[in-house]
Amino acid sequence: MREAVEQLLLPAECLLCRTLLPFRDAARLVCDVCRYRWRPVRPPWCPRCGQPEPLFGRCRVCADWPATFILARSAVWLDAGARAAVHALKYGGLPRIAHDLAAAIAALDPPGRAGAWLVPIPLGPRRLRHRGYNQSERLARALGRRWHRPVVELLVRSRDTAAQTTLTPEARLANVAGAFETRNFETRNAEGGTRNRRPDDRSAFRLPTSAFQRPLVLVDDVFTTGSTLAEAARALERAGAGTVSAVTFGRAVVPDFI
Ligand SMILES: [Zn+2]
Ligand SMILES: [Zn+2]
């Protein structure tokens, strides 16, 4: 409903460069030219985390990742145009742009994709109230429509964390340590399915371990140091996950601390 209203009220112009969008693009917020300017992340990269190969020695980005976290890939480098798109998704109150971002992510091909569940990185309750939506969940749903895969919100934030943007890599690690836990689920209902409990319900019921055996694909907007994704993978591993991979729209341009 809100999306329909937005479409009526907003002029059909590209959110990034303000050129008018052709009618057929009315459902999109970013024009072709701006989308083609997004710079895809390409190899050579670390086969596991997708970061450009280090000059010496083994990759430090993914060295401490939990064993089940086998792969992370990002669609585009987070430079000017892509950064503006993420900004619109997170702070511009324009969740519809998730469709444009998901179109770029959809070209990625994590292992086991055909049978995977998509797991969005959850927001803390305070930030969720403030923003009104979880941008990762919007991305995951838009991606799920393209991949024909279900979105399962397996994770919750166990506490609100500080915004990562201004933190050093070490501080980021400490900031997200223990930040996630798996969502509690009802035991099987009459139809043999499961359904979600409220996220704040900490009862003893857990999703059966077998539910975590399918490939799980974490979905987030941006990969910076990977510490948030690794911590989320750790929580899934504790719950019995077999393999976890991750896809993000943006990849922060290699910071000089690595
Ligand atoms: Zn444009
Ligand atoms: Zn790596």
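This is a guided tour of a predicted model, stop by stop.

**Before you start**

Residues are numbered from 1 along each chain as its sequence is written, and chains are lettered from A and ligands numbered from 1 in the order in which they are written. Because the model is predicted, local features need pLDDT of at least 70 and side-chain atom pairs count only at pLDDT 80 or more, while totals for chains, interfaces and linings use all residues.

**Stop 1: the whole chain**

Show everything as a cartoon. The protein has eight helices and six strands. Helices here are DSSP runs of H or I with at least four residues, strands are runs of E with at least two, and both are numbered from the N terminus. From the N terminus, the order is α-α-β-α-α-β-α-α-β-α-β-β-α-β.

Now colour by burial. A residue is buried if 20 or more other C-beta atoms lie within 10 Å of its own, exposed if 12 or fewer, and partly exposed in between, with C-beta atoms placed from the backbone. Of the 258 residues in the protein, 39% are buried.

Next, contacts. Two residues are in contact if their C-beta atoms, placed from the backbone, lie within 7 Å. Take contacts between residues at least 6 apart in sequence: 68% of them join residues at least 24 apart.

**Stop 2: the core**

Select Leu-101, Ile-105, Leu-139 and Leu-218. These residues have the most contacts inside the largest nonpolar core, which has 65 residues. Such a core is a set of buried Ala, Val, Leu, Ile, Met, Phe, Trp, Tyr and Cys residues joined through C-beta atoms within 7 Å. Domain 1 (1-37) and domain 2 (41-251) both contribute residues, so this core lies between them. The domain bounds come from an automatic or database domain assignment.

Stay on Leu-101. Leaving out residues up to four places away in sequence, Leu-101 touches Ala-85, Leu-89, Leu-139 and Phe-249.

**Stop 3: helix 4**

Select residues 98-105. Seven of the eight residues of helix 4 are buried, so this helix is largely enclosed by the rest of the structure. The buried ones are Ala-98, His-99, Asp-100, Leu-101, Ala-102, Ala-104 and Ile-105. What do they pack against? Their partners are helix 2, strand 1, helix 3 (80-90), helix 6 and strand 6 (244-251).

The axes of helix 4 and helix 6 come within 8 Å and cross at roughly 55°. Axes are lines fitted to C-alpha atoms, for helices over the stretch in contact, and angles run from 0 to 180 degrees between N-to-C directions. Helix 4 and helix 6 are therefore oblique to each other. Angles under 35 degrees count as roughly parallel, over 145 as roughly antiparallel, 65 to 115 as roughly perpendicular, and the rest as oblique.

To see the contact, show Ala-98, His-99, Leu-101, Ala-102 and Ile-105 of helix 4 with Arg-138, Leu-139, Ala-142, Leu-143 and Arg-146 of helix 6.

**Stop 4: helices 7 and 8**

Select residues 169-176 for helix 7 and 227-238 for helix 8. They pack at an angle of about 30°, with axes 9 Å apart. Helix 7 and helix 8 are therefore roughly parallel. At the contact, Arg-172, Leu-173 and Val-176 in helix 7 meet Ser-227, Thr-228 and Glu-231 in helix 8.

**Stop 5: Pro-122**

Is Pro-122 buried or exposed? Pro-122 counts as buried, with 23 C-beta neighbours inside 10 Å. Find this proline in the loop between strand 2 (117-120) and helix 5 (125-131). Beyond residues up to four places away in sequence, Pro-122 touches Asn-134, Glu-153, Leu-155, Val-156 and Arg-157. Now draw a distance to Ala-232: the two C-alpha atoms are 9.2 Å apart, although 110 residues separate them along the chain.

**Stop 6**

Most residues other than glycine have a negative phi, and most peptide bonds are trans.

- Pro-44 is in the loop between helix 2 (32-37) and strand 1 (69-77).
- Arg-18: phi is positive, about 70°. Arg-18 lies in the loop between helix 1 (2-9) and helix 2, and is exposed, with 9 other C-beta atoms within 10 Å. Its C-alpha is 9.7 Å from that of Leu-29, 11 residues away in sequence.
- His-148: phi is positive, about 60°.
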